[in-house]
Amino acid sequence: MILRFADVSLDDESRELVRDGAPVHVEPQVFDLILLLARNAERIVTTDEILAAVWDGRAVSDAAVASRINAARKALGDNGTDQRVIRTVRGRGFRFCLVPETAAAPAPPRTPLSDTPSIAVLPFAVLPADAEVGFFADGIVEDLIGALSRFRDLSVIGRNTAFALRDDPGGAQAIGAALGVKYVLSGSVRHAGGRVRVSVELMD
């Protein structure tokens, strides 16, 4: 679904935030925070609820929560002084002050295969699951998409469409056929003992 409020639209399928008609890049945790608050508009969302939804129940510092709240306000054109969209309720939590409208999200484009070389870079798996390492993995994918996009003779699926397929159960071959690309790049990020291993697989 797409949530719309004021000059902002929030697409939970493609995980895209658009303000004044332009996409706004936000970190995954910040997006999750905005989505949580918007879905619970006009009621106070406690810090415990935020920790459960955004940090999977892990204990984090007040400074970490405040940092994400500030980033969410900035993405929405709000600030800690005006608190026009996200209001701090001291000692209780945070309240989203606007009531969003909902609309069905459009399906990702499905295009037929052509003779032009084309590729989709899928979000990398994180093993074991960890939100902080997830930011690193998403950054790798974004960098790969940007680097591949520099080749004029290569058609590259955009970030929002690729990331919308993060939880698609169909597998790389089915995703490639659905997107109309000839190549699919997937991978994983493994971390243990302070070391990180990145594996990448290119499939025809």
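## Salt bridges

With a relative accessibility of 25%, Arg-15 counts as partly exposed. In this predicted model, the side chain of Arg-15 meets that of Asp-32 in a salt bridge, with an N to O distance of 2.8 Å. Asp-32 belongs to helix H1, whereas Arg-15 sits in the loop between strand E2 (8–11) and strand E3 (16–19), so the pair ties together parts that are 17 residues apart in sequence. Asp-32, at 24% relative accessibility, likewise counts as partly exposed.

How many salt bridges does a search of the whole structure find? The search finds two, and Arg-43 forms one with Glu-49, where the closest N and O atoms are 2.6 Å apart. Arg-43 is partly exposed at 34% relative accessibility, and Glu-49 is partly exposed as well, with a relative accessible area of 28%.

## Packing of H1 and H3

Helix H1 (residues 28–39) packs with helix H3 (residues 62–75) at an angle of about 75 degrees, their axes being 9 Å apart. The two helices, H1 and H3, are therefore roughly perpendicular to each other. On the H1 side the contact is made by Gln-29, Val-30, Leu-33, Ile-34 and Leu-37, and on the H3 side by Arg-68, Ile-69, Ala-71, Ala-72 and Ala-75. Sorted by class, the contact of H1 with H3 has eight nonpolar residues, one polar residue and one charged residue.

## The three-stranded sheet

Three strands form an open sheet in the order E5-E7-E6, with antiparallel pairing. Strand E5 (44–45) and strand E6 (86–89) are the edge strands, each of which pairs on one side only. Between E5 and strand E7 (residues 93–96), which run antiparallel, there are two bridges, and Ile-44 stands opposite Arg-95 in E7.

Helix H1 packs on this sheet and touches E5, E6 and E7, its direction making about 70 degrees with that of E7. Helix H3, for its part, lies across E6 and E7 and runs at about 150 degrees to E6.

## The E12–E13 hairpin

Strand E12 (residues 183–192) and strand E13 (residues 195–203) run antiparallel and are joined by nine bridges. Ser-188 stands opposite Ser-199 in E13. The hairpin of E12 and E13 has two residues between the strands, and in this hairpin Gly-193 takes a positive phi near 60 degrees.

Methods:
Residues numbered from 1 in each chain as written. Predicted model: local features only at pLDDT ≥ 70, side-chain atom pairs only at ≥ 80, totals over all residues. Heavy atoms only, no water. Pairing = 2+ DSSP bridges. Helix = DSSP H or I, 4+ residues; strand = E, 2+ residues; numbered from the N terminus. Axes fitted to C-alpha atoms, helices over the stretch in contact; angles between N-to-C directions. Parallel < 35°, antiparallel > 145°, perpendicular 65-115°, else oblique. Contact = heavy atoms within 4.5 Å. Nonpolar A, V, L, I, M, F, W, Y, C, P; charged D, E, K, R; others polar. Salt bridge = Lys/Arg side-chain N within 4 Å of Asp/Glu carboxyl O. Buried < 20%, exposed > 50% of the residue type's maximum accessible area, 1.4 Å probe, protein only.
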